[in-house]
Amino acid sequence: MASFNKVILIGNMVADPELKTTPTGVNVCSFRIAVGRRFIKANEAQQTDFIDIVAWRAQAEFVTKYFSKGKPILVCGAIQSRNWQDKEGNKRTTVEVIADEVSFVERKSVSDGMGGSAMDSAPSSSYSTSYESSPKFEEISSDDDLPF
């Protein structure tokens with residue numbers, strides 16, 4: 001049975017991220033983003049979902065260094081659920097996105113020394129754990145070159 005688990009989110013940081021280190025020395029950062037729903041029902045305010053994200057290792061460092069409360073962020077990853085027990089012994093389930101890639105949504109403003117407008121929508125930098133190189137595409141000059 002085949003399965004596929006991929007999530008792409010753009011939202012705003014709900015709070016400043018905090019870098020933590022596991023007992024084995026691995027950096028981890030858990031944070032939450034607010035993501036507005038695409039569809040709005042007539043006569044209703046836009047609904048917002050709050051999504052928990054976990055970034056590991058260098059990605060965790062990247063998030064804590066460059067993102068803060070209110071800043072937009074792009075997250076690509078996979079949904080994961082885990083079961084745990086709280087202090088009172090109750091069974092709990094958490095659903096979170098494990099980040100494979102995090103990226104800026106806006107470019108740094110001129111005052112940040114990077115040039116460009118703070119409202120530019122193209123991602124300007126990212127950190128990814130993917131080791132695959134970007135696919136290389138070749139432009140075909142005419143329909144005569146198509147194999148079908």
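Predicted model: local features only at pLDDT ≥ 70, side-chain atom pairs only at ≥ 80, totals over all residues.
Helix α1 spans residues 57-66, and its buried residues are Gln 59, Ala 60, Phe 62 and Val 63. When the helix is viewed down its axis, these buried residues fall within an arc of 160 degrees, so they line one face of α1.

A search of the whole structure for aromatic pairs finds five. One of these is formed by Phe 62 and Phe 104, whose arrangement is edge-to-face, with 5.5 Å from centre to centre and 65 degrees between the planes. This pair links distant parts of the chain, since Phe 62 belongs to helix α1 and Phe 104 to strand β6, and the two residues are 42 residues apart. Both Phe 62 and Phe 104 are buried, the relative accessibility of Phe 104 being 12%. The ring of Phe 104 also pairs with that of Tyr 66; the centres of these two rings are 5.7 Å apart and their planes stand at 80 degrees, over the cut-off of 60 degrees, so this pair too is edge-to-face. Because Tyr 66 lies in helix α1 and Phe 104 in strand β6, the pair ties together parts that are 38 residues apart in sequence. Tyr 66 has a relative accessibility of 35% and therefore counts as partly exposed. Together with Phe 67, the residues Phe 62, Tyr 66 and Phe 104 form one aromatic cluster.

The cysteines were also examined. The search of the whole structure finds zero disulfides. Cys 29, at 0% relative accessibility, counts as buried, and Cys 76, at 9% relative accessibility, likewise counts as buried, because the cut-off for that class is under 20%.

The second largest pocket holds about 170 Å³ of space. Its lining consists of Ser 30, Phe 31, Asp 52, Ile 53, Val 54, Arg 82, Thr 94 and Glu 96. The elements that give two or more residues to this lining are the strands β3 (27-36), β4 (48-56) and β6 (91-104), and the largest share, three residues, comes from β4. Sorted by class, the lining of the second largest pocket comprises three nonpolar, two polar and three charged residues.

Conventions:
Residues numbered from 1 in each chain as written. Heavy atoms only, no water. Buried < 20%, exposed > 50% of the residue type's maximum accessible area, 1.4 Å probe, protein only. Helix = DSSP H or I, 4+ residues; strand = E, 2+ residues; numbered from the N terminus. Arc of directions from axis to C-beta. Disulfide = S-S within 2.5 Å. 1 Å grid on protein atoms, 1.4 Å probe; cavity = no way out; pocket = protein on both sides within 12 Å on 5 of 7 lines; lining within 4 Å. Points joined across faces, edges and corners; volume = space filled by probe spheres on them. Nonpolar A, V, L, I, M, F, W, Y, C, P; charged D, E, K, R; others polar. Phe/Tyr/Trp six-rings, centres within 6.5 Å; stacked < 30°, edge-to-face > 60°.
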